[in-house]
Amino acid sequence: MLVLSAVMTALALALPAAAQDAAQAPPGPSASPPASAAPAYRPPSFAEVARTQLDTVVNISTTQANPHGGPRMEGPDTPPGSPFEEFFREFRNRQRGGPPMPQPGPSMALGSGFIIDQAGYVVTNNHVVAEAAEIAVTLHDGTRLPAKMVGADEATDLALLKVESRKPLPAARWGDSERVQVGDWVVAIGNPFGLGGSVTAGILSARARDIQQGPYDEYLQTDASINRGNSGGPLYNTDGEIIGINTAIYSPTGGSVGIGFAVPSSLAKPVIDQLKEQGRVRRGWLGVQVQRVTPDIADSLGIDDPKGALVTSVSPDSPAGMAGVRQGDVVTAFDGKPVEQMRQLPRLVATTEIGRKVPMTVLRGGKAETVTVTVGELQPQTQQVAAAGSSGPPRSAAPTEANSVLGLTLAPLTPGLRETFSIGSDVDGVVVTNVGDDSTASDRGLDPGDVIVEAGQEPVRTPEDLNARIKQAKAEGRKTLLMLVSRDGDLRYIPLPIEDRKG
C-alpha cells in the first residue's frame, strides 16, 4: 500500500495545477456520470443440478461368491498410493483391533447407479453387478434396499436393477446426448472410493470415442473427475438431464487424470428400454465381417475417399449372403444413412428392427450398387456384424519349395504346411513361410502361417499367381496390391505396397 500511495502522490504532483483543481472539483450538473465497471466474472454454479439430482443417484454394493477362499475385501477399493488407502487401512484396524487377516468368504464391490422410474428401476454398469450373488442399493438418505437383476447387456456394459420401496422414489430424466457439444459443461454424481453423493464437474472433452471395449463403442469423453466407484453413475448436462452413464477411465494410477468415458444416452436408453420390457436386448444382424477402409485400401480398390466398411467375409445363409452381398464389397450406406467409418455399421445394423427390409449401398468393382437385406437377429453364439481379423503369434517353418515375393517367402499349401500352421482344409491359397525383417510386408503385420487367399480381388493358388497380380497392378498404375489374408480362420484385407524395400 505504501508503494501504491507514493506512486499516486507522484502522479498528482506531476499534474498541472488546473488539472488538479479540475480533478478535485465536484462534478457540475452537465458532467457525464463515470463509466460503469465491467461486471465481475461469476463461474457457473451446479448447485441446482446437485440439489435436484442427488436423491436420484444411488450407491450399489455387491457380494460376490469366492469359492476359492480368497481374501475378503471390506470397504472401498482404493488404488495403491491413494490418499484414502492409509485412512481406510487404519479404519479397518480400529474396527478389528489389529491388521486385517485374509479369510475365506465373499468379496465386496462398490459402484454407482441412478433411478429412472418411481417404481424402483435402477440403471448401472454390467461390470458393477456381473456375477454378483447379492446386490444392494443404498439411497441418498441411507436407506438400504435389496435389488434383483432385471437384465444386463455385456456389449454396452449396461444393467437394469429393481428395488422395492414403500414410497415412490425420485427418478432422473433422460437427456439427448446428441445435442451436447464438445466444450459444454457436464456434471457427474456417484460413489467414488465409497464416498457416496460426490459431485464433480467438467466439460465434454470429445465425442464418439472408440476405446476398443466392444463393437458399439461410441463413448463420450469428459474431464469431470471419474474414479473407482463412479462406474454406473450418471453424467448430466446443466439442465439436470442424463446424457451418459460413466463407465471407464484412462489412468495409470487408478485415480482420475481427467480422461473419463460415458455411454451416451442415445445408445443407453434404447438398451435400458429393452431390458425393462423383455429382460434382454435384441439386435439386428447381417452376417458379415468388415474392416476399415484405409487410404492404401482405397487406392487398391480405385476409390477416391477412404470411407465405408470393407466386407472381408459373408456367411452364406446370413441375411447379407441371401441378399447377394459379396466379399470385397464396400458398404457406404445403410438404410439411407452414410457409413463413413467401419464402426458405424455395427451400431446402425444393431438398432434396426429385426425382420425389416433395408436398402444398403455398396461399391462393387468401382461402381455403386444397391442391395436389399432383411435384417436378422443376432444370437449370442453368432459373430458380431463387424469384426477385425485376429492376430496370432508369429510362427516359422522351413518349406522344401518356396518363392520370394515383396519380402515374403511363399509356398503352395501342402498337407505338411497345413499341419505345421494349423490351417483348415477349407482355406485355399499360398502360405507365407517367412517375412523379411526390413520389408513392407513385415510393416503391414504379415506373419508366417498367413495364407494369401486373394490378390487384386482374384484368387491366388500359387506364388506365380501373386506375381501375375503384381504385374497387373503395376500396369494399371496401382501403388498397392490389395490382398485377402486368412489368419487362424479369420479373413482381413491387407494393402501391400508394390515397390518393396530389400527384404
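1. Confidence. The protein chain has a mean pLDDT of 79, and 78% of its residues reach 70 or more. Residues 1–23 fall below 50 in pLDDT. Beyond near neighbours in sequence, that stretch has three contacts in the model. Residues 383–401 are also below 50, but here the model shows 48 contacts beyond near neighbours in sequence. Where pLDDT is low, the predicted coordinates should not be read in detail.

2. Main core. The largest nonpolar core has 27 residues. Which members touch the most others? They are Phe 114, Ile 116, Trp 174, Tyr 236 and Ile 272. Several elements each supply at least two residues, among them α3 (47–53), β2 (107–117), β3 (121–125) and β6 (158–163). α6 gives the most, with five residues.

3. Ile 116 in that core. Leaving out residues up to four places away in sequence, Ile 116 touches Tyr 121, Val 123, Leu 160, Ala 171, Ala 172, Trp 174 and Ile 272. Two of the names in that list, Trp 174 and Ile 272, are also among the core members that touch the most others.

4. Second core. A separate core holds 21 residues. Leu 408, Ala 455, Ile 470 and Leu 496 are included in it.

5. Helix α6. This helix covers residues 265–278, 14 residues in total. Ser 265, Leu 267, Ala 268, Val 271, Ile 272 and Leu 275 are its buried residues. Viewed down the axis of α6, they fall within an arc of 150 degrees, so they line one face of the helix. Just after α6 comes Gly 279, with a positive phi of about 75 degrees.

6. Helix α12. Residues 463–475 form this helix of 13 residues. From first C-alpha to last it reaches 19 Å, close to the expected 18 Å. Pro 463, Leu 466, Arg 469, Ile 470 and Ala 473 are buried. Down the axis of α12, these buried residues fall within an arc of 115 degrees, so they line one face of the helix. The face turned away from that buried side carries Lys 471 and Ala 475, both exposed. Gly 477 follows α12, and its phi is positive, near 80 degrees.

7. Thr 247. This residue sits in strand β11 (residues 242–249). Is Thr 247 buried or exposed? Its relative accessible area is 9%, which is under the 20% cut-off, so Thr 247 is buried. Not counting residues up to four places away in sequence, it touches Asn 125, His 127, Asp 157, Tyr 219, Ser 231, Phe 261, Ala 262 and Val 263. A polar atom of the Thr 247 side chain lies 2.9 Å from the backbone oxygen of Ile 245. Thr 247 and Gly 260 are 13 residues apart in sequence, and their C-alpha atoms are 7.8 Å apart in space.

8. Backbone points to check. Most residues other than glycine have a negative phi. Phe 193 is not a glycine, yet its phi is positive, about 55 degrees. Phe 193 is in the loop between β7 (185–190) and β8 (198–209), and it is buried at 9% relative accessible area. Asp 335, again not a glycine, has a positive phi of about 55 degrees. Asp 335 lies in the loop between β16 (330–334) and β17 (337–338). Its relative accessible area is 18%, under the 20% limit, so Asp 335 counts as buried.

Definitions and conventions:
Residues are numbered from 1 along each chain as its sequence is written. Side-chain values use heavy atoms; hydrogens and water are left out. Helices (H or I, at least four residues) and strands (E, at least two) are DSSP runs, numbered from the N terminus. The expected span of a helix is 1.5 Å times one less than its number of residues. Buried means under 20% relative accessible area, exposed over 50%, partly exposed in between (1.4 Å probe, protein chains only). The arc is that of the directions from the helix axis to the C-beta atoms. pLDDT is the predictor's confidence in each residue, from 0 to 100. Contact means heavy atoms within 4.5 Å. A polar contact is a pair of N or O atoms within 3.5 Å; within protein, one must be able to donate a hydrogen and the other to accept it, and residues adjacent in sequence count only if both atoms are side-chain atoms. A nonpolar core is a set of buried Ala, Val, Leu, Ile, Met, Phe, Trp, Tyr and Cys residues joined through side-chain atoms within 4.5 Å.
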